[in-house]
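Me: Got a structure here to go through. Can you take my questions as they come?

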Amino acid sequence: MSRIGVFVCHCGINIASTVDVERVAEEVGQHPDVVYATSYKYMCSNPGQQLVKDAIEEHNLDGVVVAACSPLMHEKTFRRAASTVRLNPYRCEMANIREQCAWVHQREPARATKKAAELVRAVVERVSLDEELEPFRLPVTKRALVIGGGIAGMQVALDIASAGFPVVLVERKAKLGGKMAQFSGTYLNFSAAPDLLERKVEQILNHPNIEVLTGAQVVGAEGYVGNFEVEVSSDCSPTVPERLRSTSASAETLNLNPDRCGRTETMTFEAGAIVVATGWNPYPLRRLPEYGGGEIADVVDGLTFEGMLRDAGELRRPSNGCVPQEVVFVQCAGSRDPERGVPYCSKVCCMVVAKQAMMFKERVPDGQAYVFYIDIRSAGKGYDEYVQQAMEEHDILYLRGKVSKIFRDGDKVLVWGADTLSGRPVEVAADLVVLATPMTPSRQALDLAKRLRVGVDQNGFFTEAHPKLRPVESLTAGIFLAGAAQGPKDIPETVSQASGAAAKVLQLFSQDEMTQEPTVACVIEQFCSACGACVEACPYDARSIHPVWHVATVNAALCQNCGACVVACPNKASQIYNWTPAQILAMTDVIVS
């Protein structure tokens, strides 16, 4: 017979305004395993936690149920409190009577109170069958591997390396910088990009804790958080500038060896954490035939126009080399168009177009720039003011409307569109058309996701564990995300997210050994037929069949407690600690009885 204590939280008025919490405590207190039941205004407060600790000692409790908010909010809080008075924390559970009861039944207080009592009794049944578990202790390899040498990857590498930990930076191209290296300037401060990037690259190459592999890519990865083994294929071609290869320090940093240059070499690195910063690719122009993409030389995308602006000489048309006088910018070219393009907004296009239009006016003062837009999305400090500056100080003509067709007419490129504010059709005879195409995932993203066992969303970007609470973590523990690999973003947001990912890595490296939750899958060997169904179902590669004993085994470090193996097992040999079939059936009996 268990000795369980039940603590019902008012949560101020969040729960108590709908649920009769005193009645819930009274009803649940009649359960034969419950020896103490009470309610309190704020259970998560220090006095509330002290109430739990005092009751455990006074009534010799061996299990605790806290009826309050979501376990995601405060399960660790109460387990930590219980463990301070020598109660096994894994015999402390929460019943969610706020989100799952009070908030969804605000107009039905009587039914909400009855439901709350049933939910609490169900969790009491679970606790009575809970095992006393102990967390696993795992060593941590204090080296990070960063995939991608753009601004995101470089910022992550610098933050981790500056904290004193070694970093391996893998870049598949011949030099660092990513897409930022192709920019002519940055919005808000035109001339900052080249110097910023050069200084960042120089810091990377000269940092003693950073090893850079260019012309390299990840071809395999095994292991788990804190203990990864990553295979990197490096094409050591002599493409690095001589000034960087002239000193032994630079050669060591770049991992160059003249004896092996010109051939591919595969290396294996041990790493405690992996950061994916693979960046983005521009949307292919050939997918926009209605805009002349890939067919008309004077129709270019934004990244190509950046290269034209970077040239020291005069701005020239691709078709005939003349200076363009009339330039049309088309926003949302392929964006927010689930039928013909991509369904999402790339967030940066409105600002990039304003920057490019102003730079065009600086290069061609007597020229005219037109911007066709659906709406302006300029969310950020100083962003809206920046767009207004483009309109007011540089006389850039913004036309609210969608472009229907772009085609060549003699020496000009005709742009047919509409001004929805005036309700009139618009035709512009342009010398050059710049399409603000969407940011798309890196071409290597899908293959890399498979190698790392990391999820991607419907658009091909890497998926974060939670969009609000865990925005820089993937669903695979120990693998973090930075920059446009996770979704479209501009440079400030990219750098911020990169530093956030680095902070998560440093948090992991701050401990000598890692604590792993013990609520993972297990195998009842006498029930296991070694059919392999659980091995195929496991998305984290945490299952295997033992070659000698012919039973399924679990790598607890890889298991993420998803339950896929439990569903797949025909014999119920696969179970999860403290979520056993006996517990689930006991909880179900309370609800349906």
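Me: How many aromatic pairs turn up in the whole structure?

Reply: Six, from a search of the whole structure. One of them is Phe7 with Tyr36. Their ring centres are 5.8 Å apart and the planes meet at 55°, so this pair is tilted.

Me: Where do Phe7 and Tyr36 sit in the chain?

Reply: Phe7 is in strand β1 (residues 4-9) and Tyr36 is in strand β2 (residues 34-40).

Me: Is Phe7 buried or exposed?

Reply: Buried, with a relative accessible area of 0%.

Me: Which charges lie over rings?

Reply: Among them, Arg287 lies over the face of Tyr283, 5.5 Å from the ring centre. The charged end of Lys355 sits over the ring of Phe183, at 5.8 Å from the centre.

Me: Switching to cysteines. How many disulfides?

Reply: Zero across the whole structure. Cys350 is in no disulfide, and its nearest cysteine sulfur, in Cys332, is 6.2 Å away. Cys350 is buried at 9% relative accessibility.

Me: What about confidence?

Reply: Mean pLDDT is 91, and 94% of residues reach 70 or more. Over residues 237-260 it stays under 50. Where pLDDT is low, the predicted coordinates should not be read in detail.

How values were computed: Residues are numbered from 1 along each chain as its sequence is written. This is a predicted model: local features need pLDDT of at least 70, side-chain atom pairs count only at pLDDT 80 or more; totals for chains, interfaces and linings use all residues. Side-chain values use heavy atoms; hydrogens and water are left out. pLDDT is the predictor's confidence in each residue, from 0 to 100. Contact means heavy atoms within 4.5 Å. A disulfide is a pair of cysteine sulfur atoms within 2.5 Å. Buried means under 20% relative accessible area, exposed over 50%, partly exposed in between (1.4 Å probe, protein chains only). Rings of Phe, Tyr and Trp (its six-membered ring) pair if their centres lie within 6.5 Å; planes under 30 degrees apart count as stacked, over 60 as edge-to-face and the rest as tilted. Helices (H or I, at least four residues) and strands (E, at least two) are DSSP runs, numbered from the N terminus. A charge sits over a ring if NZ of Lys or CZ of Arg is within 6 Å of the ring centre and within 35 degrees of the ring normal.
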